[in-house]
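Student: Please take one part of this model and go through it closely, with its surroundings. I would like the cut-offs stated as you go.

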Amino acid sequence: MKVMIFSHESDLDGLYSASIGLMRYPQAMTVFLGYGVEHFNKLGSFIHSASRYSSSSQMGGRIIISDLGLNDELIEICRKIFSDAASNGWKIMWVDHHPWSDQAIEAVKPFIEIVLDTSGRKCAADLMYEKLLPGNIVAEKLASMAHTMDFFTNNQYLTPISELMRYYQTFPDFYYRLSDLASKSSKGILWDVEMQNDYNDYVRLRDGAKEQVFASIQIREEAGKVKVAYVQSSPYLQSSLFSQEVFSKTNADLVMLYSTKGKVSIRRNNDAISCRSVAANLPEGGGHDYAAGATFKSDPSDTAAVISELQAAVTKALATM
């Protein structure tokens, strides 16, 4: 049976969700994606090609999507993708822990099996473990490590694989490298000599990037309520881990990490504000209260314009609190 696994490209939860999927379906092809219209169009292209082939050969197959949320602006794209795939005999399961609107659920429910956590206490890898391989020791460990990273519980040691993922995003063969990591993890290989050599190279680049970034941070007090750090990030900095350093140095309540590619990662230091509420005021915004992401319209090279746009999103979010 042909199997395709689509998972989030940027964090440990996405990687280990795919790894657990590979443990259940070792023959699966893995595809790693980000958020937004561009990435979901890629997902659609993969599925359309596979569905067209299966339709002509009377085969069908299985599609698993993990750790990718369905925002309302993606509803029509996804409805088309999955209705076509289902009509060609594909079984589809979407596993996620991001908030979905009732509209999004109702739109795709006729075509797919939806596995959602609404408690806010599970990551996608937790759900993949429970759904696909309950009781499997390796899958349980992968899920627990993804949970530790996603919720910053700091209850166990984690290899720096999330930083390695960030480093691999700077390579032209990024998707091959990420699939290789997922395959190794599915076999219980969490670190090896090749990873260590790559990580040694990465650390030098990461530390140099930190010096530059810390020199350019701008701190603003927004609406007299929230201290926000606006940071022009680097391809060599893993957002969640680096934000913890920013919080430690600045005592900010919120960090807005904006990139030269028009994307922003949002992290918080306390419950003073919801990251998801901020992201909702920006294009392609989505995520959790404690971590979210979006894009911005301003020219990434115009720092003042970018910060002004991000400030407006924060101000709107604060107005609803």
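Tutor: Phe152 is partly exposed, with a relative accessible area of 29%; buried means under 20%, exposed over 50% and partly exposed in between, using a 1.4 Å probe and protein chains only. This is a predicted model, in which local features need pLDDT of at least 70 and side-chain atom pairs count only at pLDDT 80 or more, while totals for chains, interfaces and linings use all residues. Residues are numbered from 1 along each chain as its sequence is written, and side-chain values use heavy atoms, with hydrogens and water left out.

Phe152 sits in the loop between H6 and helix H7 (161-168). Helices (H or I, at least four residues) and strands (E, at least two) are DSSP runs, numbered from the N terminus. The phi of Phe152 is near 50 degrees, a positive value in a residue other than glycine. Ala223, in the loop between strand S6 (218-222) and strand S7 (226-232), also has a positive phi, about 55 degrees, and is not a glycine.

H1 covers residues 12-24, 13 residues in total, and reaches 18 Å from its first C-alpha to its last, close to the 18 Å expected; the expected span is 1.5 Å times one less than the number of residues. Twelve of the 13 residues of H1 are buried, so H1 is largely enclosed by the rest of the structure. Among the buried ones are Asp13, Gly14, Tyr16 and Ser17.

Contact means heavy atoms within 4.5 Å; not counting residues up to four places away in sequence, Ser19 touches Leu142, Ala182, Ser185 and Ser186. Leu12, also found in H1, is buried too, at 3%. With neighbours within four places set aside, Leu12 is in contact with Met145, Ala146, Met149, Leu158, Ile161 and Met165. Leu12 and Met165 are 153 residues apart in sequence, yet 8.4 Å apart in space, C-alpha to C-alpha.

How do H1 and H6 pack? Axes are lines fitted to C-alpha atoms, for helices over the stretch in contact, and angles run from 0 to 180 degrees between N-to-C directions. H1 and H6 (residues 137-151) pack at about 170 degrees, with their axes 9 Å apart. The two are therefore roughly antiparallel; under 35 degrees counts as roughly parallel, over 145 as roughly antiparallel, 65 to 115 as roughly perpendicular and the rest as oblique. By class, this contact has eleven nonpolar, one polar and two charged residues. Ala, Val, Leu, Ile, Met, Phe, Trp, Tyr, Cys and Pro count as nonpolar, Asp, Glu, Lys and Arg as charged, and the others, Gly among them, as polar.

H1 also lies across S1, S2 and S3, at about 165 degrees to S1. Five strands form an open sheet with parallel pairing, in the order S2-S1-S3-S4-S5; two strands pair if DSSP finds at least two bridges between them. Strands S2 (29-33) and S5 (113-116) stand at the edges with a single partner strand each, so one side of each is left without a neighbour in the sheet. The twist averages 15 degrees from one strand to the next. S1 (residues 2-8) and S3 (residues 61-66) run parallel and are joined by six bridges; Val3 has Arg62 as its bridge partner in S3.
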